[in-house]
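Subject: Structure for you to look at

Dear colleague,

I am passing on the structure we spoke about, together with some notes on what was found in it. Please open it first and keep it beside you while you read.

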Amino acid sequence: MSVAPARASLLEVEGLVVHYDVRGAGTVVRRRETVHAVDGVNFALGTHETLGLVGESGCGKSTTGRSVLLLERPTAGRIRFEGRDLATLGRRELAGLRRRMQIVFQDPIGSLNPRHTVGQLLREPLRVHHLVPKAQQRERVQELLALVGLPADAVSRFPHEFSGGQCQRIAIARALAVEPRFLVLDEPVSALDVSIQAQILQLLTDLQNRLGLAYLFIAHDLAVVGQMSDRVAVMYLGKIVEIADRDSLYARPHHPYTQALFSAVPVPDPTRRREPTRASVTGEVPSSLAPPPGCRFHTRCPLAQERCRVEEPLLESVGAGHEVACHFAEQAVRDHPVGVSRPSTSGSR
Amino acid sequence: GGESQPTQSGAGTKNALGVKLPAGAAPAGDQYYVQPFDSTGASYKALDFYESVYSRAPLADQFTIPLVRLNRDYSIVPGAATSWEQSADLTSWTFHLRKGIMWSDGKELTAADYVETLRYSAEPKHAWDFTWFWSGVIKDYKEAVAGEVPANSIGVKQGSDKYTLVIETEGPIAYVPSACLYTTPLSAAALDKYGSGSYNINPETCVTCGPYTLTKFDPTATIVLGPNKKYTGPFKPAIDTLVGKIYAGGDMLPRFQTGQIDQIGVTPLNLKVAAKNPRTKDLHLYKNPNDFQIWYTFFDTTKAPFNNVKVRQALAHCVDRDAIIKSLLEPLATPAYGYLTPGYPFAVEEPLKPHTNYDPQKAKALLAEAGFPDGRGFPEVTFNWWANAVSNTSSVVQALTENWNKTLGVNIRLQEIDKTTFYDRMNKKPTQLTMGFVPYGMDYFDASNMLSVYKSGGRHNWDNAEYDELLAKGAAESDTTKRQDIYTQAQVLLTQDAPAVFIFHLLYGYYYAPYIKGAALGKNADGYDGIQWPGFNSTSDSLQQLHVADNVDSWPRQKPTDLQ
Amino acid sequence: MPDELNGAPLLDVRDLHVSFDLERSTVYAVQGLNLSVRPGERVGVVGESGSGKSVSAQSIMRMVPSPGRITKGEIVFAGEDVRALPESRMRQIRGARIGLIPQSPMTSLNPVLTIEAHFQEVLSAHLDMTGQDSRERTVELLRSVGIPDPATRMREYPHRLSGGQLQRVMIALAMACRPRLLIADEPTTALDVTIQAQILELFDDLVAHSNLGAILITHNLGIVAGHCDRVVVMYAGRVMETAAVLDLFARPAHPYTLGLLRCVPRLTAKRSRVFHAIPGLPPRVTELVEGCPFAPRCERATDQCRTHTPPLEEIGTGHATACWHPVAEVTEVAR
Amino acid sequence: MSLPQGSVVAGRRPARADSSFWHAAWYRYRKNRLALVSGIVAVLILLVAALAPLLAPYGYAAQDLNQSLTGPSLDHLLGTDQLGRDILSRAIYGAQTSMTIAIGAPLVGALIGIPIGIASGWFGGVADFFTQRAFEVFTMVPQVLMALLLIALFGSGVLKLLLFLGVTAWVGFARLARAQYIALRDRDFVVAARALGVPTWRIIFVHILPSAVGPMIVFFVQQIPATIFAAAGFSFLGLGVQDPLADWGKMINDGQQYLTVSLVVALLPIICIALATLTFSFAGDGLRDALDPTSR
Amino acid sequence: MIAYLARRFLTLLLVMLVTTMLIFALMHAVPGGPFDQTQQPLPAPAMANIMRKYGLDEPIWRQYLNWLWALLHGDLGIPFEQPTMTVAGLIAKAWPITLIVGACTIVLSYVGGLVMGCVAALKHNTWIDWVLTSAVSTIGVALPNYVVGFLLISIFSVKLGWLPAGGWGRPQDLILPVIAFSLYPMALMARFTRASTLEVTYADYVRMGRARGLSERRITVRYVLRTALIPLITIMGPNIPNILTGSIFIEATFALPGLGSYFTTASLHRDYPLILALVLIVAVLWGTCYILSDIAYTIVDPRVRLEGLSR
Ligand SMILES: Nc1ncnc2c1ncn2[C@@H]1O[C@H](COP(=O)(O)OP(=O)(O)OP(=O)(O)O)[C@@H](O)[C@H]1O
Ligand SMILES: Nc1ncnc2c1ncn2[C@@H]1O[C@H](COP(=O)(O)OP(=O)(O)OP(=O)(O)O)[C@@H](O)[C@H]1O
Ligand SMILES: [Mg+2]
Ligand SMILES: [Mg+2]
C-alpha cells in the first residue's frame with residue numbers, strides 16, 4: 001500500500017506543549033514541580049485518514065489526544081481544526097466544534113456515567129446539540145445502537161451491566177451521535193480481550209469507510225496500530241521521536257526506541273521465539289517530572305553517546321514522509337534493521 | 001472521699017473556735033457544713049457586700065459584723081451596734097458600737113470602718129453595683145455616685161467617739177435601722193492598704209472580724225471558710241468550717257442523696273423524685289419564704305390591649321391559683337393575691353381577694369366590657385418568660401396561658417428568652433415586653449422595699465400618682481398602725497388596678513441531712529422552719545444555732561476533699 | 001530439586017468444579033478443569049476474560065473468595081490433597097510452596113507498608129527469618145529481579161515505585177521462600193511492552209534456574225507462544241484444548257482455539273483492515289447447560305454440539321481437545 | 001458488512017421500554033427488604049406528623065391540672081404529664097414539630113451548603129480558598145451567641161429554629177459536596193461529557209450529582225437525630241421550640257428527670273427518636289444503595 | 001513541612017481575625033450586657049461608672065483594637081463571670097479538666113468504637129453485626145448524653161452507691177462522665193469503622209496477603225485495620241476539638257468544673273472577654289487538629305501528600 005497523497009489537512013497541531021503543575025513528591029516537604037506531559041508535538045491529519053500514536057504508558061499520548069479537543073488547556077502550541085485556530089474560538093463556537101470532533105476513551109466503563117442508562121447516555125449529545133427533535137430521539141438512539149451492533153433493549157440498562165466490549169461500543173455510539181468528522185480513539189481496545197478487540201477494530205474500520213472519519217488512534221500495541229493507521233507517530237516522554245507513513249515505519253524503524261518497541265512485542269508464534277537482542281532496552285522510563293536533558297531516550301538507549309546527553313535531536317526527514325529525532329538514526333537502521341514488514345518477509349506465507 | 005461515720009460523740013469537747021459542743025454533737029472534726037451553690041448565671045467577684053452585691057461569691061459576708069442583725073422572726077437584734085437612735089430633727093441616726101471586736105490584723109472594729117466602707121461604696125471609680133440602696137437615704141450619697149461631690153462628703157460620720165457612728169439622711173427616714181442590716185463593713189485599714197475590698201478573696205490578705213476566715217477561694221469549684229482563731233466577738237458558732245460547693249448547674253438531688261452536700265434547696269420536681277427514694281422519702285421538708293419572692297405577670301400598661309384596666313382585671317380573675325399550686329408547686333408556694341407575702345411586714349390578703357379571685361365568669365364579662373367579647377378582636381400577645389426550676393416556671397406559664405386562651409378566647413403566645421435578654425428588654429424605657437413573668441424578692445424587711453417596685457418610674461411603667469403618694473406617706477410614717485393602714489390601701493390599689501397579676505408567693509423548700517441540727521432550723525413565729533432569711537451568715541443569728549449531730553444513721557456523708 | 005515426586009506431576013488438578021452461590025443465581029466459574037504441572041514446566045492458561053482462569057488459580061491455593069466454593073474435583077500438590085488439608089497447613093503452603101504473582105502490582109501491595117515490611121512478613125512467617133538475615137535476603141531477592149539499589153529502594157512505600165518495579169517486587173516476593181510452584185495471574189497486563197518483555201524474561205530465568213513448576217495465566221497468545229511449554233485453553237470454565245505450545249499453534253484442534261489465534265493481530269501482517277473476530281460474546285456461566293459452551297459461536301456446530309457436552313479427549317501425544325468436530329488441518333491459521 | 005451482533009448480557013430483570021435512573025433506583029429499593037420496611041415506617045412517621053391533628057386524641061396544649069401525672073388509663077392511653085396533658089397526643093404532635101425541624105433544617109443546610117460546596121469543589125482556586133475559610137469562620141462562631149442574637153432579632157418559633165439550624169448546618173453539606181466534586185470532576189465520564197459539549201451546569205447537575213448524592217443522603221439522614229438534639233439543646237437554653245408546642249427533643253429534656261417518677265413521660269420521646277433514627281438511617285442506606293446502579 | 005505549617009498558620013490567623021471581628025460585632029448586637037441586673041436596673045450614673053471601669057464605654061472598633069492590642073501582649077482580659085481570675089487563668093484552670101475527660105473519652109470511644117466496628121465488619125451480616133451496628137449505634141445516637149448521665153447517676157451513684165454522683169479530683173470521678181460522654185462518638189466511630197473496614201476487607205492486597213500465607217491476625221491488624229484507619233482520621237479527626245472543649249451537659253450533670261460550660265454561659269452572661277477567648281481556643285484547636293490530622297494522614301497513609309495534586 002502506498003502512502004496516500006497529502007490531503008487538505010483537517011487537523012494541524014504545531015508545537016503542542018502541555019505541562020501540569022503539581023506539588024512535588026515527599027510526604028511533607030514539597031516543591032512545586034512540573035510534569036512535562038507533552039513537550040512540543042507537531043502533526044497533521046487529513047480527512048479519512050488515521051494517525052496512529054504509539055508509545056509507552058505515560059509518554060503523553062492521552063494528553064495529546066485530550067488537548068487536541070481542548071479537554072486540557074495546552075500550555076503552548078497551536079491547534080487548527082478545519083483551518084481555524086481553536087485558541088481563538090469563543091465558547092459558543094467551541095460548543096459547535098464539539099459536534100465535529102469527538103473522543104472515545106481508553107477505559108470503556110469509566111467513560112460512561114454509571115448512573116445513566118444507555119438511553120440517557122446516547123440521548124445526551126442529541127439533546128445538548130439539539131440535533132434531533134425530542135420525538136425522534138428515541139428512534140435515533142435505536143439507530144445508533146444498531147450502528148454499533150448493540151441490541152435495542154440496551155437503552156434501559158446501565159453501563160455496568162455490559163461487558164467491556166459492549167461498553168466500548170456504547171462509547172463509540174455516543175461519540176458518533178453528533179456525527180463528528182474526527183475521532184480521537186484513546187486506546188479504544190487496550191482494555192479488551194482479543195476476540196472483542198477484533199470486533200471493535202472492525203467496527204471502527206467499517207465506520208471510517210462509511211462515514212469518512214478521521215482518526216487519531218492512540219494505542220501501544222504496534223500490531224493493532226499497524227492495522228489501523230495510515231501514518232504512525234511514536235512518542236517517548238512527551239515528544240514525538242519518529243513519525244512516518246505506516247509502511248515506511250514498519251519496514252524501517254529508525255529510532256532506537258521504536259526499534260525497541262518492535263522487538264518487545266510478543267509474537268504469537270512459538271516457532272519464532274525471539275532471542276534477546278541488543279534492541280531490547282533495559283531500565284525504567286524516567287520521570288516526566290524531570291525529563292533527562294538532551295535526547296530523552298539516552299538513559300535507556302543502547303546507542304547513546306555523549307552527544308545524546310547534551311544535545312536534543314530534532315525531527316529530521318530520513319525519507320519520504322519519514323521523520324526521526326535521533327542523532328544516530330542512520331547508524332541505528334544500519335546496525336539493527338528490525339523492521340517487521342521487510343520486503344523479504346512481508347506477505348502471508 | 002469515703003464515708004465518715006463518727007462513732008464517738010463530740011459533746012462537751014471544744015471546736016477550733018473554743019465553742020463547747022452541745023449534747024448529741026459530733027466530734028469537732030465533723031463540725032463542718034457543706035452547702036451547694038449553682039453558679040449558672042452568677043458572677044463571683046467578691047466575698048463582701050460592699051465590694052459587689054450581685055457578684056458576691058458563696059459564703060459571703062462572714063468576715064464582718066453589720067450594725068444590726070436579724071433573728072429568725074425577722075426582728076432586728078443588735079449586731080456590731082448595741083443601740084441606736086434617731087436624732088430629734090429626724091435627719092440622722094446614731095449607732096453605738098460594741099467595744100473590743102478585733103480585726104484579725106489586730107486592729108479594733110470602729111466607726112471609721114463603717115465610714116470608710118460607705119464612702120468607698122459611693123466612689124464612682126469603684127462603680128459599686130448597689131448604690132441605689134443608699135441613694136436618697138444617706139445625705140449626698142446620690143450626688144457622690146454621680147461624681148458631683150467627693151465621696152468623703154456623704155452623710156456618714158464618726159460620732160462623738162470612735163464607737164459612735166452617725167448617718168445623716170436626706171430627710172426623715174424611719175427604716176434606717178432595718179436598712180442597716182446591710183452594713184457589713186470592710187476593714188478601713190485593709191481598704192486603705194489594698195485600695196479595694198477584693199483583699200478578702202485571698203486567704204493571705206483576708207482580714208476578718210467574724211468567726212471565719214478564708215482558707216480556700218476557688219470560685220469555679222469550692223470556697224472554704226475555716227475558723228478565725230483570733231475571733232473575739234460575741235457570735236461563736238459550733239460549726240467552725242463552712243464549705244461552699246460550686247456547681248455549674250446539674251441536678252443537686254443526687255449530690256445530696258449521695259452525701260456530697262449537707263443541705264439542698266429543692267424544686268417541686270425534686271420533691272417528686274425524692275419521694276421515690278428510700279433515703280429521702282421520709283426526710284422532713286423545711287419551708288420558709290426566704291426573701292418573700294412574689295412571682296407575677298406584668299403588663300405594659302401603656303400599650304393596647306393592656307392599657308385597658310378591664311383587660312388586666314379579666315386576666316387577673318382568670319387564674320386558678322389553687323389548681324396551679326396543687327399540681328405544679330405544692331407545697332412550695334402559696335397563692336398570691338397581692339405583692340406582699342403574708343408574714344412580710346404590712347402584708348394583707350383578705351382585702352385583696354375580691355379583686356383578683358378565680359372567677360372565670362367575671363373575667364369573661366370584664367373582657368367583654370373591654371371590647372373583646374369571647375376574646376374576639378384580642379390581638380396576639382407574646383408572653384415572655386425565662387426558665388427557673390425552683391418556681392417551675394415553664395409549667396406555670398403554660399398553665400396560665402392555656403387557661404387564659406381557653407377560657408377567655410384570647411391569643412397569648414409563650415416566648416421563652418434567656419434571662420439577660422429578658423431583663424434587658426424588660427428594663428428598657430419604654431419596656432420592650434408587653435407581658436412577662438417575673439419574680440421580685442425583698443432587699444430588706446419592710447413593705448416600702450417591695451412595694452416601691454411599682455412606684456412611678458420604677459421597674460414597670462404603671463404610673464399611679466395615688467399609689468406614689470401612699471408609698472411616700474408610708475415611708476415617712478413611724479406609727480405602725482397608721483403605716484399598716486396606708487400600706488393596705490396601697491396593696492388594694494395595686495391589686496385592683498392590676499398592672500400585674502400576682503400568681504404565687506414562693507416558699508423555699510430545704511432538705512437538711514439528718515445530722516444537721518439546731519435551733520436555727522426550728523419554726524419561727526410565722527410557723528416556717530429551716531434557716532430563715534438572711535441565711536447562714538453574719539447578718540443573721542442562725543450562725544450560732546446550728547451544729548452537726550452524731551446521729552448520722554446510714555447517711556453516707558462524704559467529707560469534701562478540701563478538708564482532708 | 002529433590003524429586004520425591006517420583007515423576008508424578010508437581011500439581012495435578014482433576015475435574016475441578018468451582019461455583020459461586022449468589023443471591024438469585026449460581027455462577028459456575030470452573031466446570032471440570034484438568035491441569036497438571038511438572039517441575040520446570042511452564043503451563044500457560046489462556047482464555048477470554050471470565051473464562052475461569054483466576055478462579056482456577058485461586059482454587060489451587062484454596063483461596064476462592066466467598067461465596068465461591070469448590071464443589072467437585074481433586075487438587076494434589078506435591079503429593080498432598082489440597083482440599084483435605086487443615087487451614088494451618090494451607091497457610092504454610094501459600095507463599096512458601098506456592099507463590100502467586102498477581103495481575104495488578106499497584107493494588108496488590110499493602111499501601112501502608114514498606115517493601116521491606118512485606119518481605120519481612122513472609123520471611124518471618126515461613127522461614128522464621130528476622131532482623132539482619134531477613135534484610136539481607138530481601139536485598140538479595142530484589143537484586144535478583146533487577147531492582148537497582150535494593151537496599152534503599154526497599155525502604156520505599158509501594159506507591160513510590162513504577163509499575164514495572166512493583167511487578168518485579170511482586171515476583172521477588174513470590175520467590176522469597178523458594179516456592180515449588182509459581183502462579184502468575186496475568187502478570188504483565190498492566191505493563192508496557194518493553195517492561196513486559198523484561199518481566200517475562202525474568203520469569204523464564206527463574207523457572208529455568210529453580211526448576212519450578214509455573215502456571216502463566218494470560219489472554220495474550222503472544223506471551224504464551226514465547227514463554228510457555230504447554231498451553232491450556234479455557235472457555236466458559238472448561239478446558240477446550242490442551243497441548244504443547246508448538247503443537248497448539250501448529251495444529252489447533254478446537255474451533256475456539258483457532259478463532260482465538262485468528263483474532264490476534266499480527267505485527268508482521270500486511271495491512272488488510274480486515275479483523276478476524278469470533279462473533280458473539282462468551283456465555284454467562286450462570287447455568288449448567290448440556291452441550292458445548294462454544295456451540296452458539298461456532299460455525300462448525302451441529303445439533304450434537306448443542307445437546308451433548310464433548311469430553312476432553314486425547315488426539316495426539318499431550319494434545320487433548322473437547323470438541324465433537326475438531327479441526328483437522330491448519331490451513332486457516334493466518335501467520 | 002457484518003457487524004457482530006453482541007448478545008445481550010443476561011439481565012437481572014426484564015428490560016422495560018425506557019426506564020430511567022429513578023425507575024431503576026425505585027426497583028432496587030423495593031428489592032431491599034430492610035430498607036423497604038424502614039422506608040414504610042419512616043413514611044408512617046411522616047404521615048403521623050402530617051396528620052397529627054387528626055390522629056391525636058387531645059390537643060397538644062389541652063391540659064387538666066387535676067389529672068397531673070396519671071398513669072396509663074382508658075382516657076389517656078399512655079398517661080398524662082405534669083400539666084395533665086395527654087402524653088400520646090403530645091408524642092404525636094411532637095412528631096410533627098420534630099420531623100419538621102429534623103428534616104427541614106438539614107434540607108435548608110443542604111440547599112445552602114451543597115451549591116456552595118459544588119462551586120468550590122468544581123471551580124477550585126480562589127473561590128475554594130474563600131469558601132474553606134468561610135467554613136472555618138462558621139465553625140468557630142459559638143452557636144449560642146448566634147442563636148441569642150437571632151432570637152433577639154427575630155423571635156423564635158419552629159420555622160425560625162429550623163432556618164437557624166439549617167443555616168448553621170450548611171458547612172457539613174458544603175464540605176461533603178466539595179469533597180465529592182473534587183473526587184468526581186476528573187473522572188473519565190465527566191471529561192467525556194465535556195468532550196460532548198455538555199454545558200457546565202448540566203455536567204454539574206445531571207452528570208455528577210447522581211454519583212455524588214449517595215454520601216449526601218447518608219449525611220442527611222445522620223443529621224436527623226443530630227438536629228433533633230441540637231434543637232433540644234436550644235430548648236434547654238430556652239432558645240428552641242416554644243411551649244406549649246410538643247417536640248420530642250424538648251420532651252426528653254422535660255421528661256428525663258421524671259425517669260423515676262413516671263417512666264412513660266421520660267421514655268416515650270426517647271423511643272420515638274430511636275425509632276425515627278433507626279428507620280431513617282436504614283431507609284437512607286437503602287436509598288444510597290438504590291441510587292447506585294452498580295451496587296448489589 | 002515548615003512551609004506547609006506556615007501557610008496553614010497564616011490562613012488560621014486570617015480566619016481568627018475575621019472571626020473575632022465578627023464575634024465582636026455579634027456579641028455587642030445581642031441585647032443585654034454583662035452588668036445588667038435583674039431585680040432593678042442600675043441607676044444611670046452607677047451603670048456609667050461600671051461601663052467606664054471595664055472600658056465598655058468606648059466605641060466598638062476601639063474596644064476591638066484594645067482587645068487585639070492586649071492580646072498581642074498576651075492579655076486576654078478579665079472574665080466578667082469570674083472577675084477574680086484572668087481569662088487565661090480561668091482557662092488554665094478549667095481546661096485541663098475538660099482535656100482529661102476529653103482525652104479519656106476519645107480513648108474510650110475511639111477504641112471502643114473501633115473494636116465494635118471491626119468486630120461488626122468481620123462478622124459481616126451476622127447477628128453480632130446487627131446488634132453492634134444497629135442497636136448499639138442507634139442507642140448511642142438516639143440517647144442524648146444528659147439522659148445517659150442522669151441514668152448513670154441514678155443507678156450507679158444513688159441506687160448502688162458505687163461511684164460518685166459527680167465531682168472532680170479523684171480517679172473514680174472520671175468513670176461516669178467519660179462513659180456518658182463517650183456513647184455518641186463511640187456509636188459514630190463504630191459505624192464509620194464498620195464501613196471502612198468492610199471496604200478494605202475485599203481489597204486486592206488483603207487477598208494477596210493471604211496468598212502469602214500470613215496469619216489472619218496479621219491480616220486483620222496490619223492489612224485491614226491500618227488502611228481502614230485512613231478514612232477514619234478525616235472523619236473522626238474534626239470531632240476531636242468538639243470533645244476536647246467539653247460539653248455543658250456532661251459538666252453540669254457530673255459537676256465537673258471544666259471549660260465546656262463556659263461555651264454556653266459566656267454567651268448567656270455576655271461575658272465578652274471569655275467569649276473571645278473561647279473562640280480563640282476553638283480556632284487554635286481546630287487549626288491544630290486540622291494540621292495534625294493532615295500529618296497523621298500522611299503517616300498512616302504514605303500515599304497521601306499534603307494537599308494532593310492541584311489542578
Ligand atoms: N491531570 C494531570 N496532572 C498531573 N499530571 C498528569 C495529569 N494527567 C497526566 N499527567 C501526567 O502526564 C504524563 C502523560 O500522561 P498521559 O495520560 O498523556 O500518558 P499516556 O501516554 O496516555 O499513558 P497511558 O498509556 O498510560 O494512557 C504522565 O506522566 C502523567 O502522569
Ligand atoms: N467473587 C465472585 N463472585 C461471583 N462471581 C465471581 C467471583 N469471582 C469470579 N466470579 C465469576 O467467575 C467467572 C470466572 O472468573 P475469573 O476471574 O476466573 O475469570 P478470568 O478468566 O480470570 O477473567 P479475567 O481475564 O477477566 O481475569 C466469571 O464469570 C466471574 O464473573
Ligand atoms: Mg492514556
Ligand atoms: Mg483473572
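In the residue classes used below, Ala, Val, Leu, Ile, Met, Phe, Trp, Tyr, Cys and Pro count as nonpolar, Asp, Glu, Lys and Arg count as charged, and the others, Gly among them, count as polar. Please also bear in mind that this is a predicted model.

With those classes in hand, the shell around ligand 1 divides into five nonpolar, seven polar and four charged residues. Ligand 1 lies between chains A and E, and 16 residues surround it, the closest being S57(A), G58(A), S62(A), T63(A) and E187(A). In chain A, at least two residues of this shell are supplied by each of β1 (9-23), β2 (32-46) and α1 (61-68), and the largest share, three residues, comes from α1(A).

Taken alone, ligand 1 exposes 630 Å², of which the protein buries 74%.

Turning to ligand 2, 16 residues surround this molecule, and the closest are S49(C), G50(C), S54(C), V55(C) and E186(C). By class, the shell around ligand 2 has seven nonpolar, six polar and three charged residues. From the backbone, a polar atom of V55(C) is 2.8 Å from an oxygen atom of ligand 2. On its own ligand 2 has 630 Å² of accessible area, and the protein covers 71% of that. The elements that give two or more residues to this shell are β2 (26-37) and α1 (53-60) of chain C, with the largest share, three residues, coming from α1(C).

The remaining notes concern the interface of chain E and chain C. Here 21 residues of chain E are in contact with 27 residues of chain C, and the two chains bury about 2,100 Å² between them, 60% of it on carbon and sulfur atoms. On the chain E side, M208(E), R212(E) and P302(E) lose the most area to chain C, and together they account for 30% of what that side buries.

Which polar links does the rule find across this interface? There are two salt bridges, and nine residue pairs are in polar contact, counting pairs with both residues at pLDDT 80 or more. E121(C) forms a salt bridge with R218(E), with the closest N and O atoms 3.4 Å apart. Within chain E, α8 (204-211) and α9 (216-236) each supply at least two residues of the side that touches chain C, and the largest share, seven residues, comes from α9(E). By class, that side of chain E divides into eight nonpolar, three polar and 10 charged residues.

With best wishes

Terms used
Residues are numbered from 1 along each chain as its sequence is written. Chains are lettered from A and ligands numbered from 1 in the order in which they are written. This is a predicted model: local features need pLDDT of at least 70, side-chain atom pairs count only at pLDDT 80 or more; totals for chains, interfaces and linings use all residues. Side-chain values use heavy atoms; hydrogens and water are left out. Contact means heavy atoms within 4.5 Å. Buried area is the accessible area (1.4 Å probe) that two parts lose on being put together, summed over both. A salt bridge is a side-chain nitrogen of Lys or Arg within 4 Å of a carboxyl oxygen of Asp or Glu. A polar contact is a pair of N or O atoms within 3.5 Å; within protein, one must be able to donate a hydrogen and the other to accept it, and residues adjacent in sequence count only if both atoms are side-chain atoms. Helices (H or I, at least four residues) and strands (E, at least two) are DSSP runs, numbered from the N terminus. A residue is near a molecule or strand if one of its heavy atoms lies within 4 Å of it. Accessible areas come from the Shrake-Rupley method with a 1.4 Å probe; for residues, only the protein chains shown count as cover.
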